[in-house]
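I am keeping a notebook while I look through a structure of two chains, and I want to write down each thing I looked up. The entries follow the order in which I went.

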Amino acid sequence: MSLNLWIIPLLPLAGATINGLFGKRFSNQLVNVIALGSTALAFLYALYVTVRFFGLSADQIPHIEHYFVWITAGTFMAEFGTYLDQLSLVMLLIVTGVGFVIHIYSVGYMEHEGGYYRFFAYLNLFMFFMLTLVLANNYLMMFVGWEGVGLASYLLIGFWFLKDSAANAGKKAFITNRVGDVGFLIALFLLVKHFGNLQYDNIFKALAAYPVETSVGFITATGLLMMVGASGKSAQIPLYVWLPDAMEGPTPVSALIHAATMVTAGVYMVARSNAIFNRAPIALTVVGVIGTLTALFAASIGILQTDIKKVLAYSTVSQLGYMFMACGAAAYGAGIFHLMTHAFFKALLFLSAGAVIHGLGGEQDMRHMGGLRKYMPKTFWAMTIGTFTISGFFPLAAFFSKDEILWKEWAGGNHILWLIGVIAAGMTAFYMFRLWFMTFFGEYRGPAPETVSHGHDADPQHAGHTAAVHAQQADAQGSDHGHGLPHESPMIMIAPLFVLAVLSVIGGWIGIPAALGGSDRFDHFLEPVFHFSPVAEAGGESAAVAVEPAEHEDRATEIGFMLISLAAATMGLFGAWFLYYKRTDLPAKMAAAAGGLYRLVRDKYRIDELYGATIIQPIILLSTNVLWKGVDATLIDGTLDEASAGARDLSDRLRHMQSGNIRSYAGWVAFGAGVVIAFMVWKGVR
Amino acid sequence: MVPLSYYLILSAILFACGVAGFLIKRNIITIFMSIELMLNAVNLTFVAFAAELKSLSGHIFVFFVMVVAAAEAAVGLAIIIAVFRTRETLNVDRVNLLKL
């Protein structure tokens, strides 16, 4: 039986190819049909696959399809094939579903931008690579997808490549990811060395024979190197620096690639490699610690950012930290659960932020916003749902996923990491509500309409969606092209917000924990994927003995912990309410009081500057002085220049033999004949 | 009987005269004649050796050389006439356009 899974990634690839090659001559409508059509078909096919998947019996999962052998070299073999189990199914639905919704949104958001076809070609290309990454049945193909999404990310961050900062941000993302990819690649080499190939099923089966490594051995090394790769792609300490800059890209890109899907590839990879990580407790601890620290660190930076997208970017980094935190406690199910809910609510937040930016004609600084509630009520409600969700309020999606992570963390005995997680959760609530209050409440602090010169929506298209107030204002000021007051976005941008808002609300309900009368369905669904765990076999017995009797007390404790996180979120909410709504004069005073600390956090702990001074500057100096001026200019250019100059000088002299004087030619002939005769006489004629 | 070396020495002298004339003279006709002189010096060597070794090969070669020389004379003189018509000179030093 075959599900023909290859169709799913190939549909967006076809869209990307058609739009990329011929899109320039297409009308926007045709580009839409191709780009959205291919994504929609992929999503529908994914739904069909889902239905079929539930018809499979347990021994048919994972469902592996082999298409053809890609590389053979000696005993090494890599093939094109797909691997469908519960984990890749969840990822498949997230990528195609959220991807499709964001494609729709992009139609509205990118309407007035040049390179419309290019944008959608890149977006489809991203879908293709992401689906390859998710569906691959071996690590090499996963790596192909891994690199491919990096490429798509680079292209889309630098979409407005005429803007220096965008081009640089693209390069920064690409290069930072390379650092991580080196780690991933070495991990793959280690796997090839020990197992001979990179097929998931082979490796996971072979690993079953390996004991848990208590000291640092090859499995630990592989796990750590994989984490290096994951921290590059998923923006964890110390490689997170590219993600905030990646916000230079169009907002739908930030939502799709840099929040919902691509950056979660690292989490997916760690979860997929659970067979490796479960045998390497040291690597697992590192994953958990990095995740937790990132969650706290990024949340603290998010508190003082003023760019609306930067706040969300640091929030993404922080939430990704939570996912790694879960993986570090071997609660991969919780990590993937949070990955899913995060895809919903973060895409919602980004798209709402995009609607705000769109409605303000490109303004991203929250200090110039405020009071937008009455200008864009629909966006306001979408953002409200997103904010309450990410902060973890009951019964919204992130409440269940985040609490499951924190609970697993505590149950796993990592009480310090749990505490940090709770603090980060409070900070999350604080900076999100800060964003919410600064953007939608108070008075509009934006520039007076006539000073705004963006004017991208002076066209009738937008006027149609604009509130009557807006039109009156514009008339009253006699401004024929100015941006006017903030306005609501067109329906094509609001509809995706609605879909995502609904998902953000109900998305967590599939994983209601037992403590709240649910049945942890999501966890149980994913369980077969993580059955490679030796903990379940060896450690599980002792753990089972310890846990089972305490089950009922645990439930009470779990509910207690939920209340703690709710309290943290509520504190965040009231803190933000007090500082950014009630007493808006306070933050400035507090900043003045905190002085250096305030500036340090505002400047993102000056990590970029640190990397600049310790890594980038030395490399630039080395490259300039040694590699460029030394090796390239002096050695290579010098050798070549000298060789060519020498040849030219020599021929310049020889050229004069061809004087056009017949007698000199004859002289040379005679001279040559003389030399030949002399030689023959000297050697003897025979 | 004249010894072989006499013929060879005469031949060498004639050939040297031909080379010298070819190198020194400017008039294209003279140069042409010098080439004929060199060819005939070689012919003399051939027949001298043929007589000495009692072989017909030398004679055959001489005929070949004479045929080639006749053909060369026909073509060469035609070229000289063509050159003279266009440039009105027979001085080779002034026929030097074909150079770098």
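**Entry 1: a loop in chain A**

I began with Tyr605(A), which I found in the loop between H26 and H27 of chain A. Before going further I noted that this is a predicted model. The phi angle of Tyr605(A) came out near 60°, and that is a positive value in a residue other than glycine. I then asked how many other C-beta atoms lie within 10 Å of Tyr605(A). The count is 13, and because a residue is called buried at 20 or more and exposed at 12 or fewer, Tyr605(A) is partly exposed.

I looked up Lys604(A) as well, and I found it in the loop between helix H26 (596-602) and helix H27 (607-655) of chain A. Its phi is near 55°, again a positive value in a residue other than glycine. Is Lys604(A) buried or exposed? I counted 20 other C-beta atoms within 10 Å of Lys604(A), so this residue is buried.

**Entry 2: two cis peptide bonds**

Next I went through the peptide bonds of chain A. The bond from Ile61(A) to Pro62(A) is cis, with omega near 0°, and Pro62(A) sits in the loop between helix H2 (28-54) and strand S1 (63-73) of chain A. I also noted a cis peptide bond that joins Ile237(A) and Pro238(A), where omega is about 5°. I placed Pro238(A) in the loop between helix H8 (218-233) and helix H9 (242-245) of chain A.

**Entry 3: chain A as a whole**

I then stepped back to chain A itself, in which there are 28 helices and 2 strands. Its C-alpha atoms fill a box of roughly 115 × 75 × 55 Å, taken along the principal axes. Of the 686 residues in chain A, buried residues make up 49%. When I took the contacts in chain A between residues at least 6 apart in sequence, 80% of them turned out to join residues at least 24 apart.

Which residues touch the most other members of the largest nonpolar core? That core holds 199 residues, and the ones I wrote down are Phe126(A), Met130(A), Val287(A), Ala347(A) and Leu348(A). For Phe126(A) I listed the partners, leaving out residues up to four places away in sequence, and they are Val149(A), Ala152(A), Leu156(A) and Ile257(A).

I followed this with Ala382(A), which lies in helix H16 (residues 377-391) of chain A. It has 26 C-beta neighbours inside 10 Å and therefore counts as buried. Leaving aside neighbours within four places in sequence, I found Ala382(A) in contact with Leu348(A), Ser352(A), Leu497(A) and Ala501(A). I also checked Ala382(A) against Lys172(A), 210 residues apart along the chain, and their C-alpha atoms are separated by 32 Å.

**Entry 4: chain B**

Chain B has 3 helices and 0 strands, and reading along the sequence I wrote its pattern as α-α-α. A compact globule of 100 residues would have a radius of gyration near 13 Å, whereas chain B has 17 Å. The C-alpha atoms of chain B fill a box of roughly 50 × 25 × 25 Å along the principal axes. Of the 100 residues of chain B, 10% count as buried. Among its contacts between residues at least 6 apart in sequence, 47% join residues at least 24 apart.

How do two of these helices lie against each other? The axes of helix H2 (residues 28-53) and helix H3 (residues 57-87) of chain B come within 9 Å and cross at roughly 175°. Angles over 145 degrees count as roughly antiparallel, so I recorded H2(B) and H3(B) as roughly antiparallel to each other. The residues of their contact divide into 14 nonpolar, 5 polar and 1 charged. Those in H2(B) include Phe32(B), Leu39(B) and Phe46(B), and those in H3(B) include Phe61(B), Val65(B) and Ile80(B).

**Entry 5: where the chains meet**

Last, I looked at the contact between the chains, in which 10 residues of chain A are in contact with 10 residues of chain B. On the side of chain A, the largest share, 5 residues, comes from helix H28 (residues 662-683). The residues of that side of chain A divide into 3 nonpolar, 5 polar and 2 charged.

Technical notes:
Residues are numbered from 1 along each chain as its sequence is written. Chains are lettered from A and ligands numbered from 1 in the order in which they are written. This is a predicted model: local features need pLDDT of at least 70, side-chain atom pairs count only at pLDDT 80 or more; totals for chains, interfaces and linings use all residues. A nonpolar core is a set of buried Ala, Val, Leu, Ile, Met, Phe, Trp, Tyr and Cys residues joined through C-beta atoms within 7 Å. Two residues are in contact if their C-beta atoms, placed from the backbone, lie within 7 Å. Helices (H or I, at least four residues) and strands (E, at least two) are DSSP runs, numbered from the N terminus. The radius of gyration is taken over C-alpha atoms; the globule rule is 2.2 Å times the number of residues to the power 0.38. Axes are lines fitted to C-alpha atoms, for helices over the stretch in contact, and angles run from 0 to 180 degrees between N-to-C directions. Angles under 35 degrees count as roughly parallel, over 145 as roughly antiparallel, 65 to 115 as roughly perpendicular and the rest as oblique. Ala, Val, Leu, Ile, Met, Phe, Trp, Tyr, Cys and Pro count as nonpolar, Asp, Glu, Lys and Arg as charged, and the others, Gly among them, as polar.
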